[in-house]
Amino acid sequence: MPAPNLVTRSAHGLHALAANIHLDARSAPGTVFVSHAHSDHCSSAPRIICTRETAALHARRKREREVVTLDFHRPYACGDATIELQPAGHTLGSAMVKVSSAEGTLVYTGDYKLRDNPFSPPALIPRCDVLVMECTFGSPPYRFPPDEELLARLFAFIDETLSMGRTPVVLAYSFGKGQEALFYLTRRGYDVLVKEPTAGYCDAHVELGYGFPGPGTWERFAPELLPGRVVLATPGWKRDPAAEIPRARTVQLTGWGCNPRARYMYGYCDLVLPLSDHADFDDLVRTAVESGASKIYTVHGSPVFAAHLRSMGLDAEHLAAHPGKPGVARKESRSVTTATKAVAQYALEL
Ligand SMILES: [Zn+2]
């Protein structure tokens, strides 16, 4: 049976037809579902639908607008459909959206991961007729070791650095990864100095009721507090950490650490660990298979992943480099140069 036509591309990006909402569109005349508050998913639309947490974080980046906030698993009538948000496990407030109508069930994942996130309920693989899924790490090199192993390596690096009388500097994106890192660091007992803009997002988490565990503490970075502390900063600060922190040793947390070129891309770091807030290749494949979807569209990544799904016998098609941007899908093959540019783009913010 052919897959129902539940989603299309308008001039503004992906459009869920029955609900008449756009999905993570940067701008659109009507209503946009905002999956989470990373800057490339925020919207200038007059009306947005999202979780309470995403609404608060979205307001830090964009001026106020009409907002419909929904709890997870609470059905909401929208157009000719019922929509429901489900945890996406990517950041605080991140959500997938399920659109159910007489024509069938559509799920849009947004950015997601199936592994634990201390700031999200567990993300489960959605069942649906049509699946629109991100595929940031949709190629075989991006198989991440277990988080427990990665955290053990992170803590060993920090302990070794402190025992050398040097300062460990953990590099992670300011919203999402930064707070996950701070959660694990303070829980382990480290006292952490947090640079801006990460500290501002840590405050936002606390204001929304999501604190950081002890016994370790955290406060804003000040050079005089350095001895014996761990520093948490963004990759953008990496270029000259020695300017403020003598004898720093840096570790970056990014899924791109699995890239075969990682040691060249992150040559400025002493260590790169693929601790990610996205699904890895195996979890992406598992999502596609276990969703039961008769049609799969991929976004926010390489066309290589859709081709892989087709080789497994699934009906998959790559739609866009980003769900919020109108345009045509990229060609199936890309040059190394183009792929490297894409990596550089995503290294800025995920
Ligand atoms: Zn994201």
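Two residues are taken to be in contact if their C-beta atoms, placed from the backbone, lie within 7 Å. The model is predicted, so that local features need pLDDT of at least 70 and side-chain atom pairs count only at pLDDT 80 or more, whereas totals for chains, interfaces and linings use all residues. Residues are numbered from 1 along each chain as its sequence is written.

View A. H15 is found in strand β2 (residues 13-16), strands being DSSP runs of E with at least two residues, and helices runs of H or I with at least four, numbered from the N terminus. Beyond the neighbours within four places in sequence, H15 is in contact with V7, T8, R9, S10 and H22. H15 counts as buried because it has 20 C-beta neighbours inside 10 Å (buried, 20 or more other C-beta atoms within 10 Å; exposed, 12 or fewer; partly exposed, in between).

**View B. Packing of helices α3 and α4.** Helix α3 (residues 177-188) packs against helix α4 (residues 198-207) at an angle of about 75 degrees, with axes 9 Å apart, the axes being lines fitted to C-alpha atoms over the stretch in contact and the angles running from 0 to 180 degrees between N-to-C directions. The two helices α3 and α4 are therefore roughly perpendicular (65 to 115 degrees). G178, Q179 and L182 of α3 meet T198, Y201, C202 and H205 of α4 in this contact.

**View C. Contacts of L182.** Leaving aside neighbours within four places in sequence, L182 is in contact with V192, V194, C202, F212, W218 and L232.

Conventions: Angles under 35 degrees count as roughly parallel, over 145 as roughly antiparallel, 65 to 115 as roughly perpendicular and the rest as oblique.
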